[in-house]
Amino acid sequence: MAKITTAVLQKMKQQADKISMLTAYDASFAKLFAEQGVDVLLIGDSLGMVLQGHSDTLPVTVQDIAYHTRAVRAGAPEAFVIADMPFMSYGSTEQALQSVVPLMQAGANMVKLEGGDFLLPTITALTERGVPVCGHLGLTPQSVHILGGYKVQGKTAEKADAMLRQALALEAAGAQLLVLECIPTPLAQRITAALTIPVIGIGAGNVTDGQVLVMHDLLGISSGYIPKFSKNYLAQTGEIRSAIASYVSEVKSGVFPSQEHSFN
């Protein structure tokens, strides 16, 4: 498989070739995912919940993400790897510039930041210094206490218009990828069509340029509940390699996510 770069991801959007992404946290699963054709590996701050057992992502540190990024990079040397910037590790542009160093040195190809307008100077500063950035709009887990829980975002016309405006602003500031989480499918379609950069959905319907899931949800082993937008591929296939291959295939064909995994 050809090495994935930001240019390749951009070409995939242009050619309507769906992008598959999964969270990964260790070398063994990273190797397996790469072998099964997963395009992008995300070291998500979801590790705070699925690995560390916290109720949210807030306790995760830059050191935690760097540790798992090194492990993922060791298992998948050729993979395109995105590292989450943890809660309050980018409260200011200066802080972001410091926080990103150990993540890129650990092997990340790109970092992901949650939020809209306040991030614009930070995204510009990072990209000017050679750090590719992935934005994240919609349900932003680091803001769960402000949002009042894990709820669908952008449901009103006003909030939908605001999210579209923010997405365009993130792209203009230099973001090269965007994740949309838990938003209505029609809004995801509007944003995906308006942006020239690839848009990855999670709970945003099958209209985006690609999909991402937390690996523990895909395998049905998350503690607590499995989100509406996820699917237990291990139960469907009975074997981990087949589960990952099935996920990649269904993302590529647009079969996943179906209506039952989406919000309208």
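Tutor: In this predicted model, α8 and α9 are roughly parallel to each other, because their axes cross at roughly 25° and angles under 35 degrees count as roughly parallel. The two axes come within 10 Å, and α8 passes α9 in a right-handed crossing. On the α8 side the contact is made by Ala-160, Asp-161, Met-163, Leu-164, Ala-167 and Leu-168. On the α9 side the contact residues are Leu-187, Arg-190, Ile-191 and Ala-194.

Helix α8 itself runs over residues 157–173. After α8 comes Gly-174, with a positive phi near 125°.

The buried residues of α8 are Ala-160, Met-163, Leu-164, Ala-167, Ala-169, Leu-170, Glu-171 and Ala-173.

The cysteines can be treated next. A disulfide is a covalent bond between the sulfur atoms of two cysteines. The model has zero disulfides, with sulfur atoms required to lie within 2.5 Å. Cys-134 is in no disulfide, and the nearest cysteine sulfur, that of Cys-182, is 16 Å away. Seen from Cys-182, the closest cysteine sulfur is that of Cys-134, and 16 Å is too far for a bond. Cys-134 counts as buried because its relative accessibility is 1%, where buried means under 20%. Cys-182 counts as buried as well, at 5% relative accessibility.

Buried in α4 are Val-62, Ile-65, Ala-66, His-68, Thr-69, Val-72, Arg-73 and Gly-75. What covers them includes the helices α2, α3 (47–50) and α5 (93–105), and the strands β2 (40–43) and β3 (80–84).

One of the buried residues of α4 is Ala-66, which has a relative accessibility of 4%. Not counting residues up to four places away in sequence, Ala-66 touches Pro-102, Leu-103 and Ala-106. The C-alpha atom of Ala-66 is separated by 8.3 Å from that of Gln-105, although the two residues are 39 residues apart along the chain.

Helix α2, which is part of the cover over α4, spans residues 27–35 and holds Leu-32. Leu-32 is buried, with a relative accessible area of 9%. Leaving aside neighbours within four places in sequence, Leu-32 is in contact with Ile-240 and Arg-241. Leu-32 and Ala-76 are 44 residues apart along the chain, and their C-alpha atoms are separated by 8.5 Å.

Technical notes
Residues numbered from 1 in each chain as written. Predicted model: local features only at pLDDT ≥ 70, side-chain atom pairs only at ≥ 80, totals over all residues. Heavy atoms only, no water. Buried < 20%, exposed > 50% of the residue type's maximum accessible area, 1.4 Å probe, protein only. Helix = DSSP H or I, 4+ residues; strand = E, 2+ residues; numbered from the N terminus. Expected span 1.5 Å × (residues − 1). Axes fitted to C-alpha atoms, helices over the stretch in contact; angles between N-to-C directions. Parallel < 35°, antiparallel > 145°, perpendicular 65-115°, else oblique. Left-handed = near helix turned anticlockwise from the far one by under 90°. Contact = heavy atoms within 4.5 Å.
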